[in-house]
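Hi,

Here is the structure I promised to pass on. Have a look at it first, then read my notes below.

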Amino acid sequence: MSRCRTLSVALALGLASGSAAAAQQPRAFTADDALAVQTLSVDDLSPDGRWAAITIRTHRDRLDVDHFRFGDPTYVTPSLERFEVIDTRTGEATALFDDRVQVDAVSFSPDGSRLAWFRTVGERRVLEVWDSGSGAVNEVALDTPLEIASTSGLEWRPDGEGWLLQLREEGWADEARAAFAEMTEGPIVVHDGSEPFLDWDRVRNLGDLAVPALVGVDGSVRTLLPEGGWGGFTFTADGGALTAVGEKPLKTVYEGSDGTEWRLLHLDLASGDTTQLVEPSTDRVRADFSPDGTRWAWADDGDLFVRALGDDEPVNLTEGDRGPVSASDTTAVRYSLMRWSPDGERLLASSQRGWHLVDAESGAARLVLPMDDEAREEGPRMNVVGWDPEGDRLAIATSARDRWARGLAWLDLASGALQSVRSDANLYSSWTLSDDGSTLVYRMSDGDRPDELWAADAGLTAPRALTDLNPWIDEVALTRSELVEYLDVDGERQYGILYYPVDYVEGQRYPLVAEVYEEFFDNGFNHRMNLVASQGWFGFRPSVDLEEGFPGEAWMKGVTTGINTLIDRGLVDGRRLGIHGTSYGGYAVNLIVTQTDRFAAAINISGKVNIISFLGDSEKITTRNYRAAESGQDRIGATLWEQPQKYLAHTAVLAADRIDTPLLLLTGEGDWNVPATNQREMYYALRRLGKDVVWVNYMRAGHGAGRAGTEEDFHDHWSRILDWYRTHFDEAIADDDAVVSNE
């Protein structure tokens, strides 16, 4: 364990603006830099706000995954991190280990004096505890031969004398490995449609089996329930009882949720008695418990319900308030549950009218933040960060919809006044309010640099930087971002993020590379766009409006008009346009180049080209591809047999003869999401048609191609992408010059 003092804001600013830095010409951002940039996560904040537990990682730390073991319940994906505790008052950081480690389920004790977590050591997980007084880290040796489940959470007992966690039965690992080996090695694998589960569902379900147990600080172990799928654990405030949600898969289903049986149990920890609070049913249990653990609430078909542990039936709190939304809107009011108040006496709920406080006993509802259709569509996005301890105010993260104005506001629940305490162009995330309301910690970036961790009081006065993770980045030329507004072909307002070339000179036109997916709005450090900008090109992330049943039209309607806006501004050379995307974005790229030849080069990274064969391509994720097409991201909105023409229209390989854009296909052989075999169809089709196509399959990589492989793959991935664009941009200029000379 080592200690270091984080840089103060003044020192950080001094380093950024010092004479030595000013005298040195910034160098270009490289693939090595992309691997080295450190990012952080806030894992937990002590109840008094004194300590923040954080993990710090780089992209390099997440390489070398064995993608071929996806679906193996015994495999834990490696991800090494620096693990630190920071004193939010002084900024002093304590590194809990000298080396990078893999930790999860990080949690402070109820009094904030200790921090517990699981650490992966080889194929085992160990329970460890840091004591803030002594600074010591100790392993808790469990008095059982059972191993800690890789899926286990870690809940402190209310008295701080132990934890609730989940264990694996003896023999579980052998059974799970054998099931995976059977599916991947054979020697003979039989898939029988009469069985209740798809075979990969059967293997996946093994990963959900575990045994809930109470563990004392001395390592003593008491198992509570038989092996099964358990979650949603909630202690009562006195620690005398526990509730648990049971989940039992029944069969593989392609729509709806009747393939799983749910129940809710109550365990009296003194007597050991178990009571069924909700009998087994295929209706999913969605139980949001009050802070004292004695009541739970849920929303169903627009109503709010509350039930106490001793009650036989729930109380419908909103039954008497389901009338019309307003005089002009005669649809019935529908309530959604947001969260309990700290005292457990009220519920925060939302409806078409706005946000309400609902009395958990009487059901009396009071509108505390009115929101009509215009406010919901045009007003700022708002997400609750937390209550103050007295329950009189709500901390709310805010973000304008038409500009980069982001920050924090407090909602006074008595008056309904919404007071903004910060709103600016910086990018904020991971807002965390301590239980006592004294401290806010959050991540902040200027929108172009990597995040740092900050702390302040509840009013955000005297904010202080707690980290300076990437001081070397001051020596690197980074892109700057701009929010761009434009209209798509249908006249709908869209937004995109423009990233400037690092050598930008006003009045000159530059090549542009568009990265497509769905919608983009917030900026933030992006290594992909920095690599593009380092080449002297614009990067652009345009938004599109995807319509169910006709998603393939959206990218033509939105991407091209967004680029036209930039050309009209005199920024972009329309002869040198590139486009790429990953996964769903790669699918979009392949569809868009069947509809236009205006791009000089295109790249599909791990994106499907045949939505029909894709339905059964990704066997390890079972029914996901069917659901995605019929009711999810792919937005076809029907089954293959109901609307086959829509599947044909969204299968790019069927229009391969229309593609005149040079196309680079990048895949990972271990991709369990979009198998390389799907893109292989496009390579063979374009080669057969005599088109300009290159297919690169990274044999050690997964979803994301070279970015999800080894360090060597990562470098090759980006070298090929940038070379592909550079080569075809040069060819576009040469072809244009040849046309001019011939004229």
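Which residues are buried in helix 11 (residues 624-631)? They are Asn 625, Ala 628, Ala 629 and Glu 630, where buried means under 20% relative accessible area, exposed over 50% and partly exposed in between, with a 1.4 Å probe and protein chains only. The cover over those buried residues includes helix 10 (611-614) and helix 12 (644-649).

Before the rest, some bookkeeping. This is a predicted model, in which local features need pLDDT of at least 70 and side-chain atom pairs count only at pLDDT 80 or more, while totals for chains, interfaces and linings use all residues. Residues are numbered from 1 along each chain as its sequence is written, and side-chain values use heavy atoms, with hydrogens and water left out.

The whole chain

The chain has 14 helices and 44 strands; these are DSSP runs numbered from the N terminus, helices being H or I with at least four residues and strands E with at least two. Its radius of gyration is 28 Å, close to the 27 Å that the globule rule gives for 743 residues, so the chain is as compact as a globular protein of that length. That radius is taken over C-alpha atoms, and the rule is 2.2 Å times the number of residues to the power 0.38. Along the principal axes, the C-alpha atoms fill a box of roughly 95 × 70 × 65 Å. Of the 743 residues, 52% count as buried. Among contacts (heavy atoms within 4.5 Å) between residues at least 6 apart in sequence, 55% join residues at least 24 apart.

Pocket and cavity

Rolling a probe the size of a water molecule over the atoms shows where empty space is left. The search runs on a 1 Å grid over the protein atoms alone: a cavity is a set of points where a 1.4 Å probe fits but cannot get out, a pocket is an open set with protein on both sides within 12 Å along at least five of seven lines, and lining residues have an atom within 4 Å of a point. Points are joined across faces, edges and corners, and a volume is the space filled by probe spheres set on them.

The largest pocket holds about 1,100 Å³ of space. Its lining runs to 32 residues, with Pro 47, Ser 290, Pro 291, Pro 342 and Asp 435 nearest the centre. By class, that lining has 17 nonpolar, eight polar and seven charged residues. Here Ala, Val, Leu, Ile, Met, Phe, Trp, Tyr, Cys and Pro count as nonpolar, Asp, Glu, Lys and Arg as charged, and the others, Gly among them, as polar. Strands that each supply at least two residues of the pocket lining include strand 3 (39-45), strand 16 (230-235) and strand 28 (381-387).

How many cavities of 30 Å³ or more does a search of the whole structure find? One, and the largest cavity has a volume of about 30 Å³. Residues lining the largest cavity include Glu 515, Arg 528, His 580 and Trp 718. Helix 14 (711-742) and strand 41 (572-582) each give at least two residues to that lining, and the largest share, three residues, comes from helix 14.

A few local spots

Gln 102 sits in the loop between strand 6 (92-95) and strand 7 (103-108). At 14% relative accessibility, Gln 102 counts as buried. Its side chain reaches the backbone oxygen of Thr 77 at 2.8 Å.

Arg 443 is in strand 33 (residues 440-445). A polar contact of 2.8 Å joins its side chain to that of Asp 451; the term covers a pair of N or O atoms within 3.5 Å where, within protein, one must be able to donate a hydrogen and the other to accept it, and residues adjacent in sequence count only if both atoms are side-chain atoms.

On backbone geometry, a cis peptide bond joins Gly 186 and Pro 187, with omega about 15°. Pro 187 is in the loop between helix 4 (172-185) and helix 5 (199-206). Asp 301 has phi near 55°, a positive value in a residue other than glycine, and at 57% relative accessibility Asp 301 counts as exposed. Ala 462 has phi near 50°, again positive in a residue other than glycine, and at 61% relative accessibility Ala 462 counts as exposed.

Cheers
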